[in-house]
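Here is a short report to read beside the model.

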Amino acid sequence: MTFRARHLLGIEHLAPAEIVALLDLAEDYVRLNRSTSKHGETLAGLTQINMFFEASTRTQASFELAGKRLGADVMNMAMAHSSLKKGETLIDTALTLNAMRPDLLVVRHPSSGAVDLLAQKVTCAVLNAGDGRHEHPTQALLDALTIRRAKGRLHRLTVAICGDIAHSRVARSNLILLGKMENRVRLVGPPTLMPAGAADLGCEVFDDMRAGLDGADVVMMLRLQKERMDGAFIPSEREYYHRYGLDADKLGHASPDAIVMHPGPMNRGVEIDGTIADDINRSVIQEQVEMGVAVRMAAMDLLARNLRAARDEEAADG
Ligand code: NCD
């Protein structure tokens, strides 16, 4: 099998063939999800625990639905109310949960690297649902599937990722994935929201939206991650919208058939004009949400196959 990973911690660890295999399988799940009878048995007998240490609406709902549609027993841990508040460390919490013998652990955490650390301590497959400003692999994969469906390919495209790049794990995972698939990536945003060394990441950097969007096939907008900013990174939201908010005038510089993306949650009137977000001829924001469920089903299916194979091997070794 092409997909060999034991965990899904980041795009960084995936080979292009693994990305393609996952997206191809996700296409099957898009079809299943569009049918009236959505239930599969792929994860039957397996236990999936979702641990979200940070607020999430769509990612958590999407992982929960994905697990349920594949027949897993799914439990959502409300981490805000967990023993972590009583001072238990992340590792102790992980070991406690591990003792309940889950098979799939879906984790979102505010610290970059926390999910990798946790994966080293448990015996099940771990999926990173976003760690700090590090990676958000299923988001990049669902974005890739959305792009591939809209554009008919996932290579030789010019993709402009715009806004708060510095604080965004979505930008980071997308940048890595799109680079692996041989696309031209541009990072567009104010210098205060560009990560240090952005120019060395193999992409072009722009602080002018019109220049950055010029001829782009894909325009990917990002939310201002205020929860990760300490201090003022922009003069005001009004000024930010004026210079970097996606409106009809700025979008007019992109390719005439450019698609508009946003991972959500969206701040209308801050990084994007509401009319553009709702324009079904340009915006694929709802498709991104739909692809999210299918991609997470594919990811958990592939990891479960590897988990079963590893356990069978262990059992055979006695
Ligand atoms: C993103 C996240 O949490 O990183 N949202 C998501 O998963 N759909 C982006 C964001 O919060 O802005």
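## Terms and model

Two strands pair if DSSP finds at least two bridges between them. Helices (H or I, at least four residues) and strands (E, at least two) are DSSP runs, numbered from the N terminus.

This is a predicted model, in which local features need pLDDT of at least 70, side-chain atom pairs count only at pLDDT 80 or more, and totals for chains, interfaces and linings use all residues. Residues are numbered from 1 along each chain as its sequence is written, and side-chain values use heavy atoms, with hydrogens and water left out.

## Strands around β8

Strand β8 spans residues 218-221. On one side of the list of partners is strand β9 (residues 259-261), which pairs with β8 in the parallel sense over 3 bridges. Here V219 has V260 as its bridge partner. Strand β5 (residues 158-162) also pairs with β8 in the parallel sense, over 4 bridges. C162 is bridged to M221 of β8.

In a regular strand the side chains alternate between the two faces of the sheet. In β8, V218 and M220 point one way, and V219 and M221 the other way. All four are buried (under 20% relative accessible area; exposed is over 50%, partly exposed in between; 1.4 Å probe, protein chains only).

## The four-stranded sheet

An open sheet of 4 strands runs in the order β2-β1-β3-β4, with parallel pairing. Its edge strands are β2 (73-78) and β4 (125-131), each pairing on one side only. The twist averages 15 degrees from one strand to the next, with axes taken as lines fitted to C-alpha atoms and angles running from 0 to 180 degrees between N-to-C directions.

Strand β1 (residues 47-52) pairs with β2 over 6 bridges, in the parallel sense. M51 has M77 of β2 as its bridge partner.

## Helix α2

Helix α2 covers residues 58-69, 12 residues in total. From first C-alpha to last it reaches 16 Å, close to the 16 Å expected at 1.5 Å a residue; the expected span is 1.5 Å times one less than the number of residues. Its buried residues include T59, F63 and A66. G71 follows α2, with a positive phi near 90 degrees.

## Ligand site

Which residues surround the ligand? Among them are R58, T59, R108, H136, R169, R223 and P263, each with a heavy atom within 4 Å.

Polar side-chain atoms of H136 and R223 each lie 2.7 Å from an oxygen atom of the ligand. For R108 the distance is 3.1 Å. The protein covers 95% of the 310 Å² of accessible area that the ligand has on its own (Shrake-Rupley method, 1.4 Å probe).

Technical notes:
A polar contact is a pair of N or O atoms within 3.5 Å; within protein, one must be able to donate a hydrogen and the other to accept it, and residues adjacent in sequence count only if both atoms are side-chain atoms.
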